[in-house]
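This report describes the packing and selected local features of one protein model. The sequence and structure are shown first.

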Amino acid sequence: MANFDVVAQLVAASVAPDKPDYLVHAQRALELIWSRTVAAYDWWFTRAAEPLPLDLQPNVTRYNLTQKELGSILCIGTDLARPLYAPMAWIEWQRRMERQGTVTDYFTVASPSPAPVSGAVFTVAGRSADSMSILVQPTPSVAVRRYVWYQMAGSKANFGNCPDSLVPCLIHGAKAIAAPPKALDIPGRRSQWESHQLMEHQMYISELDAAAVREQAARIYEQPAYAEGLTADRIEEVNET
């Protein structure tokens, strides 16, 4: 796994090798790009190993989750990460409250009866530094414990979770936002630096997309393959010819 100080030194050396004090700027840029990269996708290496217990109470809709480095919620469900509450966007939550006075998620299941089924949902109402406020519907009839599986926010403290394969991506991203090492009032210097920043940003996006493809490929591999009815019929037809 990656070492924060080593990667920051690589950034500083590639931008301003003749300025030892530039390391401070490189470290800050690396922290910022690590935070942005973590928030971009659901990476396996930033998922918290243990969930937060959530004790739901009857007729209580709002709960505050307090946890250091709390990023985004991946799932609210059982201790084995089986989802029980589906996420809902805040704007959709408000729309349903205005129309219905309550919030539920309706979907049709494959059954003889086409009647809609109501599912439990949650939305993120807001957050502070290390706390997140969520709303859940419906509230349970009795007290019950659920678990919040979450993604850690990117910080220097958990930079060690970053795999080495992602380091080139972070270096390009840090170089794209790092402050220029020399004055920008020199003729031509500003356009030169802006061109360099754009190039580094494009390389960061390219590396980020490639890493996301690798992540998605791993997930697809883990999932069983299901063929739709028409696809299955076509496969059978081809095999018979």
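In the largest nonpolar core, which has 31 residues, V7, L30, W34, F159, L166 and L170 touch the most other members. A nonpolar core is a set of buried Ala, Val, Leu, Ile, Met, Phe, Trp, Tyr and Cys residues joined through side-chain atoms within 4.5 Å. Helices α1 (4–15), α2 (23–40), α4 (167–177) and α5 (189–222) each supply at least two residues of this core. Apart from this core lies another, of 17 residues, among them A48, L52, I73 and M132. In soluble globular proteins, nonpolar side chains tend to be buried together.

The model is predicted: local features need pLDDT of at least 70, side-chain atom pairs count only at pLDDT 80 or more, and totals for chains, interfaces and linings use all residues. Residues are numbered from 1 along each chain as its sequence is written, and side-chain values use heavy atoms, with hydrogens and water left out. Helices (H or I, at least four residues) and strands (E, at least two) are DSSP runs, numbered from the N terminus.

Contacts (heavy atoms within 4.5 Å) are given here without residues up to four places away in sequence. On that basis, L170 touches L30, I33, W34, T37, F159 and C162.

H172 lies in helix α4 and touches E200, M203, Y204 and E207. Its side chain makes a polar contact with the side chain of E200, at 2.7 Å. A polar contact is a pair of N or O atoms within 3.5 Å; within protein, one must be able to donate a hydrogen and the other to accept it, and residues adjacent in sequence count only if both atoms are side-chain atoms.

A125 is placed in strand β7 (residues 121–127) and touches W90, S133, I134 and L135. A125 and L135 are 10 residues apart in sequence, and their C-alpha atoms are 6.6 Å apart in space.

The table lists relative accessibility; buried means under 20% relative accessible area, exposed over 50%, and partly exposed in between (1.4 Å probe, protein chains only).

| Residue | Relative accessibility | Class |
|---|---|---|
| H172 | 14% | buried |
| E69 | 18% | buried |
| A125 | 29% | partly exposed |
| A81 | 32% | partly exposed |

Some backbone features fall in loops. E69, in the loop between β2 (62–66) and β3 (70–77), has a positive phi of about 60° although it is not a glycine. A81, in the loop between β3 and β4 (83–87), is a residue other than glycine with a positive phi near 70°. P138 is found in the loop between β8 (131–137) and β9 (144–152), and a cis peptide bond with omega of about -10° joins Q137 and P138.
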